[in-house]
2 protein chains.
Amino acid sequence: MTEKIPVNQKLLSENDLIAARLREKFRQKGIIVLNLVSSPGSGKTTLLEKTIGALKDKYRLALIAGDVQTENDADRLIRAGGSIVRPIVTGGACHLDARMIERSLESIDLDKVDLLFIENVGNLVCPAGFDLGENMKVVLMSTTEGDDKPLKYPAMFRKASVVVINKIDLLGLSDFDLASARRNAREINADLIFFEISCRDGRGLDTWFGWLTSLIEKSGNR
Amino acid sequence: MTEKIPVNQKLLSENDLIAARLREKFRQKGIIVLNLVSSPGSGKTTLLEKTIGALKDKYRLALIAGDVQTENDADRLIRAGGSIVRPIVTGGACHLDARMIERSLESIDLDKVDLLFIENVGNLVCPAGFDLGENMKVVLMSTTEGDDKPLKYPAMFRKASVVVINKIDLLGLSDFDLASARRNAREINADLIFFEISCRDGRGLDTWFGWLTSLIEKSGNR
């Protein structure tokens, strides 16, 4: 007896297979891999620029920057210097999938990487459904969005391990309430950990860098 | 000889068929229909609240509010008062499609509507591919996002007729440059028209309301 598998489910299983293969490879190499997701304009690229600036002299960083169109983000990350940067232009696709990552990794020597950031396409919906073999999904939200975003895009917050709240320098200029944002996110996923940062005035960034450092140091690659 | 049609293409054609049916119905009834799209947090719901407040005493408004999860947006629009509001919870789907709109319209008496707003799911990618029978797609972007969004999400700006740039009260607090945003958008689509507004301090809203009024007056429904 054969069972019909819906197309979506079949695609997802293939993605999961590749993601599992990637995860095992990352584990063997002792590489920390973070999948950074957010809506467009939350500040993913700016956060990565700051992170490169802070960590590049101490650790070996690689970054895969996914975009629907243009290599703008990758170009910005290259200009930040001292790290391996690969663009993925999805050409319309609304998320990165594990096969794209696997292909992109062909040109990266993983023996020379401590920390790999994957900057996903700006989209709070679709990337939630695609495992890329990462250790964690990090979801970035900003204080200029609504503090109810976790309730409205629950899949992403359920799949994520970390929430970074960016643009805290703009608190008070909108109705965004930090406590509500945290409460809404914890309602979806009680295990989330939070960072509150401003890439503009630098607040909270040292805590973020410190956390990344501890992840790398514990990975056993060093 | 039979030709195999890829699943996506088939779905899209079915959507286009329904959208064409909806468009003809809207035309017959003389209803202006605007499909409002943006990334999460650009201020779609707030703009609609302000728009209801300004126009509800003069025109008959209906609003369909799409969300992945929760009816928060619809609840906010209902509280704004004086208009017909219908939520669509997509339950994970990253866009509205024409069938959802057709179903939602079953509970709206279109003979009593001058202007229908469809608030799409917060997503700059996927909703670009789905015609909902609207007169125009209106894309909202905010000054707290990057001014390169049109280049990075070109399909949406290509399909749109109107760009509303929101949160101009926050100009100067980020690197967002209005002229660059316009130039980037026009590079994708030279026919775009622009509004620059702040839902917070009210700048530009009268121009927006005036444009909506002229659309309704010209529709022949009045």
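**Figure 1. Helices α2 and α8 of chain A cross at roughly 65° in this predicted model.** The axes of α2 (residues 44-55) and α8 (residues 205-218) of chain A come within 11 Å, where axes are lines fitted to C-alpha atoms, for helices over the stretch in contact, and angles run from 0 to 180 degrees between N-to-C directions. That makes α2(A) roughly perpendicular to α8(A); angles of 65 to 115 degrees count as roughly perpendicular, those under 35 as roughly parallel, those over 145 as roughly antiparallel and the rest as oblique. The crossing of α2(A) and α8(A) is right-handed, a term used if the near helix is turned clockwise from the far one by less than a right angle, with left-handed used if it is turned anticlockwise. On the α2(A) side the contact is made by A:L47, A:K50, A:T51, A:A54 and A:L55, and on the α8(A) side by A:L205, A:W208, A:F209, A:L212 and A:T213, contact meaning heavy atoms within 4.5 Å. Helices (H or I, at least four residues) and strands (E, at least two) are DSSP runs, numbered from the N terminus. Residues are numbered from 1 along each chain as its sequence is written, while chains are lettered from A and ligands numbered from 1 in the order in which they are written. Because the model is predicted, local features need pLDDT of at least 70 and side-chain atom pairs count only at pLDDT 80 or more, whereas totals for chains, interfaces and linings use all residues; side-chain values use heavy atoms, with hydrogens and water left out.

**Figure 2. In chain B, helices α2 and α8 pack at an angle of about 65°.** The axes of α2(B) (residues 44-55) and α8(B) (residues 205-218) are 11 Å apart, and the two helices are therefore roughly perpendicular to each other. Their crossing is right-handed. From α2(B), residues B:L47, B:K50, B:T51, B:A54 and B:L55 meet B:L205, B:W208, B:F209, B:L212 and B:T213 of α8(B).

**Figure 3. Seven parallel strands of chain B form an open sheet.** The strand order is β3-β2-β4-β1-β5-β6-β7, two strands being paired if DSSP finds at least two bridges between them. Strands β3 (84-89) and β7 (193-196) of chain B stand at the edges with a single partner strand each, so one side of each is left without a neighbour in the sheet. From one strand to the next the twist averages 20°. Helix α4(B) (residues 98-105) lies across β2, β3 and β4 (115-119) of chain B and runs at about 140° to β3(B). Helix α7(B) (residues 178-188) packs on the sheet as well, touching β5 (136-142), β6 (162-166) and β7 of chain B, and its direction makes about 155° with that of β7(B).

**Figure 4. Strand β2 of chain B is largely enclosed by the rest of the structure, because seven of its seven residues are buried.** Buried means under 20% relative accessible area, exposed over 50% and partly exposed in between (1.4 Å probe, protein chains only). In a regular strand the side chains alternate between the two faces of the sheet. Both faces of β2(B) are covered, with B:L61, B:L63, B:A65 and B:D67 buried on one side and B:A62, B:I64 and B:G66 buried on the other. Strand β2(B) (residues 61-67) pairs with β3(B) in the parallel sense over six bridges, and in this pairing B:A62 stands opposite B:I84 and B:D67 opposite B:V89. Five bridges join β2(B) to β4(B), which run parallel, and here B:L61 stands opposite B:L115.

**Figure 5. B:V139 is a buried residue of strand β5 in chain B.** The relative accessibility of B:V139 is 1%. Leaving aside neighbours within four places in sequence, B:V139 is in contact with B:V37, B:L124, B:M156, B:F157, B:A160, B:V162, B:V163 and B:V164.

**Figure 6. The sulfur of B:C94 is 3.4 Å from the closest cysteine sulfur, in B:C126, too far for a bond.** B:C94 is buried, with a relative accessible area of 14%, and B:C199 is buried at 8%.

Methods:
A disulfide is a pair of cysteine sulfur atoms within 2.5 Å.
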